[in-house]
Amino acid sequence: SSGINAEYGCAKQEKPDSLRARFGKESSKGVENAVHSSDDKDAAAKELAFFFPNFQNETAGLERTLCVIRPDTNKHYKEKILATIEELGFKIALRREFVMSKEMAESFYRKQRGEPFFGALVDQMTSGPSLALALCSAKMITGCK
């Protein structure tokens, strides 16, 4: 397992060293993931193109994934998360700090449209700067969704 991608609840149980387990939290709003990361190679290619249109997604022996540090987490834990990513053996190929517009958030999270948490997710993602990271590693990028 990569240590990057895991839903918070699953991560606490099955991947306690993942970024979501380390930095996610439960609050009055429910579960709040600290980071978004790609589910698989196909999703990674599409999501990387969303934030980094000119990124070369194919490199022999390396896999690529996207990690987005969400606004509240970016504000409070960015340096800790960046250090943890490096400790896990990932290289940061590209990084981009940005504030998502409502339209951008709705487009990026379109698969979640219709879910009860969709409005809160869009509000969270538009609340301040996020950090998008194009990560690469020889490890398989997998999760427990």
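Author: A contact here means heavy atoms within 4.5 Å. By that criterion, and not counting residues up to four places away in sequence, Thr73 touches Phe23, Ala34, Lys78 and Ile81. The model is predicted: local features need pLDDT of at least 70 and side-chain atom pairs count only at pLDDT 80 or more, whereas totals for chains, interfaces and linings use all residues. Residues are numbered from 1 along each chain as its sequence is written, and side-chain values use heavy atoms, with hydrogens and water left out.

Thr73 lies in helix α4, residues 71-87 (helices are DSSP runs of H or I of at least four residues, strands runs of E of at least two, numbered from the N terminus). With a relative accessible area of 9%, Thr73 is buried (buried is under 20%, exposed over 50%, partly exposed in between, with a 1.4 Å probe and protein chains only).

Burial also marks strand β6, residues 130-137: 8 of its 8 residues are buried, so the strand is largely enclosed by the rest of the structure. In a regular strand, side chains alternate between the two faces of the sheet. From β6, Ser130, Ala132, Ala134 and Cys136 point one way, while Leu131, Leu133, Leu135 and Ser137 point the other.

Strand β6 pairs with two strands (pairing requires at least two DSSP bridges). Strand β4, residues 63-69, runs antiparallel to β6 and is joined to it by 7 bridges; there, Glu63 has Ser137 as its bridge partner. Strand β5, residues 91-98, is likewise antiparallel to β6, with 7 bridges, and Phe98 stands opposite Ser130.
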